[in-house]
Amino acid sequence: MAKQKFGTITSTCVPLPVENIDTDQIIPARFLRSTTREGFGRNLFRDWRYDENDNPRPGFPLNDPRYDGACILVAGKNFGCGSSREHAAWAIADYGFRAVISTFFADIHRNNELNSFVLPVVVSETFLTELFSSITADPATEVRIDLPSQTVTNLATGRREKFEINSYKKQCLLEGLDDIEYLMAHREDIEQYERNHGNNL
């Protein structure tokens, strides 16, 4: 799962209009044996994507060729609820999604997504409803997510909304750095601060 700087992305979307999608549905517990982040994407939504004989379910969006190449997942309210497993965010990132759009994310899962370089974008119910309608009418509908300006735009309608993000995590995404890499990148500034303020500690 490669780290990528996140600036502005424009992409089609995979629609998943289901509320209360929990982390066990995102990545079932039986696939959590690995401690590395790679390889989870093939089992993303495993029990929804495949039947008991491991045949793809034709009605599931990730199996629909109309959505091939999309790097934005659009989901119903309360995405990522349930257990706090990091693997759910790893699976989303490993599959190739760069962002997830919903009206609400479970707190721990939202942070896990950010730590996995996936941007959780919270929008209003009216924006989400309109976006689902646009995708239903035309699967080629594109969305533009602009992290620097913190805006998301449905290009089919021109509707745009602002979204919130922690300023520190925003900077990490913009620079493509995890927490440790961020600290190392700013090591000189930290050391200078310590030299200037060390006597006051």
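Visitor: Which residues are buried in α3?
Guide: In this predicted model, the buried residues of α3 are His87, Ala88, Ala89, Trp90, Ala91, Ile92 and Ala93.

Visitor: And why is helix α3 largely enclosed by the rest of the structure?
Guide: Helix α3 covers residues 87-95, and because seven of its nine residues are buried, the helix is largely enclosed by the rest of the structure.

Visitor: What follows α3?
Guide: Gly96 follows α3, and the phi of Gly96 is positive, near 120°.

Visitor: Switching to the largest nonpolar core, which residues touch the most other members?
Guide: That core has 49 residues, and those touching the most other members are Phe45, Ile72, Phe79, Ile101, Leu119 and Ile145. Elements that give two or more residues to this core include α3 and β3, along with β1 (8-16), β2 (72-75) and α5 (125-137).

Visitor: What is Phe45 in contact with, leaving aside its neighbours within four places in sequence?
Guide: With those neighbours left aside, the contacts of Phe45 include Leu16, Ile21, Phe60, Leu62 and Phe79, as well as Gln25.

Visitor: Now Glu113: where does it lie, and is it buried or exposed?
Guide: Glu113 lies in helix α4, and Glu113 is buried yet has no salt bridge, with the nearest side chain of opposite charge, that of Arg110, 8.5 Å away.

Visitor: So which residues is Glu113 in contact with?
Guide: Leaving aside neighbours within four places in sequence, Glu113 is in contact with residues including Ala89, Ile92, Phe79, Val100 and Leu119. Of these, Ala89 and Ile92 are among the buried residues of α3.

Note on methods: Residues numbered from 1 in each chain as written. Predicted model: local features only at pLDDT ≥ 70, side-chain atom pairs only at ≥ 80, totals over all residues. Heavy atoms only, no water. Buried < 20%, exposed > 50% of the residue type's maximum accessible area, 1.4 Å probe, protein only. Helix = DSSP H or I, 4+ residues; strand = E, 2+ residues; numbered from the N terminus. Core = buried A, V, L, I, M, F, W, Y, C linked by side-chain atoms within 4.5 Å. Contact = heavy atoms within 4.5 Å. Lys, Arg positive; Asp, Glu negative; His and termini not counted. Salt bridge = Lys/Arg side-chain N within 4 Å of Asp/Glu carboxyl O.
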